[in-house]
Amino acid sequence: MYALGCSFTGSPFHSFPHTQMNKTQIGVIGLGKMGAGLAQQAAEKGYSVVGMDIRPRPDLETDNLHVVTTIAELAKGLERPRKVFLYIPAGAAVDGLIDQLLPHFEAGDIIVDGGNSYWGDSIRRAERLKTQGIYFIDCGTSGGPGGARTGACYMVGGEAAAVSQLRDFFVETAVPNGFLHTGPAGSGHYVKLVHNGIEFGMLQAIGEGMGMLTHFRDELDISAILGLWNNGSVVRSWLVELMKKMYDEQDQSFNVPSYIEDTGEVNWLVADALRMEVPIPVIAQSVMQLFTSRDQNPTWAKAIAMMRHGFGGHPYGEDAGIRHERNFGRVGEYEMPRPAPAGSPVKPDQGP
């Protein structure tokens, strides 16, 4: 995680790389998985990159990539107009970093927030910086660390005058057709937020499908089924591909903790939907299911058991007799009548 207020005793400024012809120079603050991957990819494609982290990173140093540990060095090492990408956790840290950048930045410089910030915060930050002549771009970045390293998907919001200065960079470090200027400030992070909500719904559906496959009366080859689905089926996708890969890496089992962690961005989308009165039942329920994965001592289940015990004498905990009734209380299925051929009279035993 990026920390504010660092000191530096590193290399002199003459060691900074020089911008290659027709390639804009960029700064990257926060050299974690995403920031480091983007900085390395850009440097390998001929861009001059000045990275900033809280500690020296000799493992990242190349002819085109130099790492410093203070904002003053970063600002001094960048040609104007400066273009700096932030890849740090969302929230107050972004505002704190902007506060530290402002004394070193000038009108015309560009700050790009590539993290998962809330779109409303991005609008506010853009308006604040505009009063000082500094551009703010909100850049939703998808594809994970692998995408940052080899080709990302960018959803970019901000003024066209700023986005146009980085258009070539976005195109060259994205997968083919993986860059879109989505609109004004806030739109990039809003589109990315909706994207993350859709992702949650897809993950939930695939996860439920895995549950059904494991409950068939005979053992199924889940790895083979997932491989099949990714060859021409309607549900073929990168997520299905990842499901197979992770399943195979776990010795074709689901032997991992059931607790699901997340950083909470999709909660913002659900709150937005409630305020906007837009129905998103699948996405909202996927968030609820995620919360359920964390409930190792569920009060809600205990409360229901207590009420059922009160009104019906239902037992606390498992009961073999009731389980038998649940499984065998229904003697058989009721076979629905077949529809009559077109034009045939309806017989009494075929229903209306």
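**Entry 1: the overall picture**

I remind myself first that this is a predicted model. I counted elements next and found 13 helices and eight strands in the protein. Of the 352 residues, 38% are buried. I also looked at contacts with a separation of 6 or more, and 66% of them are between residues 24 or more positions apart.

**Entry 2: the nonpolar cores**

Which residues touch the most other members of the largest nonpolar core? I found Val-49, Phe-85, Tyr-154, Leu-166, Phe-169 and Phe-170, out of 29 residues in that core. I then noted which elements give two or more residues to this core: the helices are α1 (33–44) and α6 (160–173), and the strands are β1 (26–29), β3 (65–68), β5 (110–113), β6 (135–142), β7 (152–157) and β8 (174–183). There is a second, separate core of 22 residues, and I wrote down Leu-78, Phe-105, Ala-126 and Phe-136 as being among them. As a note to myself, nonpolar side chains in soluble globular proteins tend to be buried together.

Setting aside neighbours within four places in sequence, I see Phe-169 in contact with Thr-24, Ile-26, Leu-38, Ala-42, Tyr-47 and Phe-85.

**Entry 3: α8 against α9**

I moved on to helix α8 (residues 222–229) and helix α9 (residues 238–249). Their axes are 9 Å apart, and the packing angle is about 160°. An angle over 145 degrees counts as roughly antiparallel, so α8 is roughly antiparallel to α9. The crossing of the two is left-handed.

Which residues of α8 meet α9? On the α8 side I listed Ile-222, Ser-223, Leu-226, Gly-227 and Trp-229, and they meet Val-240, Met-243, Lys-244, Tyr-247 and Asp-248 of α9. Sorted by class, this contact of α8 with α9 has six nonpolar, two polar and two charged residues.

**Entry 4: α7 against α10**

Here I looked at helix α7 (residues 187–213) and helix α10 (residues 265–276), which pack at about 105° with axes 9 Å apart. Angles of 65 to 115 degrees count as roughly perpendicular, so α7 is roughly perpendicular to α10. From α7, I noted Tyr-190, Leu-193, Val-194, Asn-196, Gly-197 and Phe-200; they meet Glu-265, Val-266, Trp-268, Leu-269, Asp-272 and Met-276 in α10. The classes in the contact of α7 with α10 come to eight nonpolar, two polar and two charged residues.

**Entry 5: α3 against α4**

For α3 and helix α4 (residues 119–130), I read an angle of about 10° and axes 12 Å apart. Under 35 degrees counts as roughly parallel, so α3 is roughly parallel to α4. Val-94, Asp-95, Ile-98 and Asp-99 in α3 meet Arg-124, Arg-125, Arg-128 and Leu-129 in α4. I counted classes again: the contact of α3 with α4 has three nonpolar, no polar and five charged residues.

While in α3 (residues 92–101), I checked Leu-97, which has its place in that helix. Is Leu-97 buried or exposed? Leu-97 is buried, with a relative accessible area of 0%.

Glu-44 is exposed, with a relative accessible area of 55%. From Glu-44 to Asp-63 I read 9.4 Å, C-alpha to C-alpha, for 19 residues of sequence.

Which residues does a cis peptide bond join? I found Arg-80 and Pro-81, with omega about -5°. Pro-81 sits in the loop between α2 (71–77) and β4 (83–86).

Asn-177 has a positive phi, near 60°, and is not a glycine. I located Asn-177 in strand β8, and it is exposed, with a relative accessible area of 82%.

Gln-252 also has a positive phi, about 50°, without being a glycine. I found Gln-252 in the loop between α9 and α10. Gln-252 is partly exposed, with a relative accessible area of 44%.

Technical notes. Residues numbered from 1 in each chain as written. Predicted model: local features only at pLDDT ≥ 70, side-chain atom pairs only at ≥ 80, totals over all residues. Heavy atoms only, no water. Axes fitted to C-alpha atoms, helices over the stretch in contact; angles between N-to-C directions. Helix = DSSP H or I, 4+ residues; strand = E, 2+ residues; numbered from the N terminus. Left-handed = near helix turned anticlockwise from the far one by under 90°. Contact = heavy atoms within 4.5 Å. Nonpolar A, V, L, I, M, F, W, Y, C, P; charged D, E, K, R; others polar. Core = buried A, V, L, I, M, F, W, Y, C linked by side-chain atoms within 4.5 Å. Buried < 20%, exposed > 50% of the residue type's maximum accessible area, 1.4 Å probe, protein only.
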